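Q: Hey, I've just opened this one and I'm new to it. Can you walk me through what's there?

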Amino acid sequence: LLFKLLADLLHVVPCSLHRDEEGACWNILIIDGEPFVLDVMFDPGALYTEGSGKASEYLRRLRHPEETALVGAGAGIVGAGGRK
């Protein structure tokens with residue numbers, strides 16, 4: 001929401017705020033006539049072409065943040081030999 005507000009106030013780039021039925025919100029920027037999803041959570045500033053695999057992954061992570069927290073948790077898992 002903050003990025004959308006700043007983009008509108010500063011007239012930096014056309015920006016729209018989207019929200020799905022689950023309550024996840026994201027920004028879509030129009031750059032050179034093409035829509036991009038702006039990552040403000042996991043890789044701030046990254047742009048993903050709307051509809052791409054990266055954009056879909058970002059939206060999945062927004063909708064299911066509990067899964068995102070587990071991504072880095074595997075580093076301490078004990079392997080088959082009882083060693084880390």
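Predicted model: local features only at pLDDT ≥ 70, side-chain atom pairs only at ≥ 80, totals over all residues.

Q: Okay, how many helices and strands are in the chain?
A: The chain has three helices and four strands. Going along the sequence, the pattern reads α-β-β-β-β-α-α.

Q: And what order do the strands take in the sheet?
A: The order is E1-E2-E3-E4, in an open sheet with antiparallel pairing.

Q: Which strands stand at the edges?
A: Those are E1, residues 15–19, and E4, residues 47–49. Each has a single partner strand, so one side of each has no neighbour in the sheet. On average, neighbouring strands here are turned by 35 degrees against each other, if you ignore direction.

Q: What holds strands together in general?
A: Strands in a sheet pair through backbone hydrogen bonds, and the pairing can be parallel or antiparallel.

Q: How many bridges join E1 to E2?
A: Five, and the two strands run antiparallel, with E2 covering residues 25–31.

Q: What does asparagine 27 touch?
A: Leaving out residues up to four places away in sequence, its contacts include Phe3 and Lys4, then Cys15, Ser16 and Leu17, and also Phe36, Val37, Leu38 and Val40.

Q: Switching to helices: where does H1 lie?
A: Helix H1, residues 2–10, lies across E1, E2 and strand E3 (34–38). H1 runs at about 155 degrees to E1.

Q: And which strands does H2 lie across?
A: Helix H2, residues 53–63, lies across E2, E3 and E4, and runs at about 155 degrees to E2.

Q: Now charges. How many salt bridges does the structure hold?
A: Three. One of them is between the side chains of aspartate 8 and lysine 4, at 2.8 Å from N to O.

Q: Where do aspartate 8 and lysine 4 sit relative to each other?
A: Both are in helix H1, and because they are four residues apart, about one helical turn separates them. Aspartate 8 is partly exposed at 35% relative accessibility, while lysine 4 counts as buried at 19%.

Q: What about aspartate 20 and arginine 63, which parts do they tie together?
A: Their side chains meet in a salt bridge, 2.4 Å from N to O. Aspartate 20 is in the loop between E1 and E2 and arginine 63 is in helix H2, so the pair links parts 43 residues apart in sequence. Aspartate 20 is buried at 11% relative accessibility, and arginine 63 is partly exposed at 29%.

Q: Which residue does arginine 60 form a salt bridge with?
A: Glutamate 57, and their closest N and O atoms are 2.7 Å apart. Both lie in helix H2, three residues apart, which is about one turn of the helix. Arginine 60 is partly exposed at 30% relative accessible area, and glutamate 57 is partly exposed too, at 37%.

Q: Last bit, the whole chain. What share of the residues is buried?
A: Buried residues are 25% of the 84 in the chain. The accessible surface is about 5900 Å², with 60% of that belonging to carbon and sulfur atoms.

Conventions
Residues numbered from 1 in each chain as written. Heavy atoms only, no water. Pairing = 2+ DSSP bridges. Axes fitted to C-alpha atoms, helices over the stretch in contact; angles between N-to-C directions. Contact = heavy atoms within 4.5 Å. Buried < 20%, exposed > 50% of the residue type's maximum accessible area, 1.4 Å probe, protein only. Areas by Shrake-Rupley, 256 points an atom, 1.4 Å probe, with all protein chains shown as cover. Salt bridge = Lys/Arg side-chain N within 4 Å of Asp/Glu carboxyl O.
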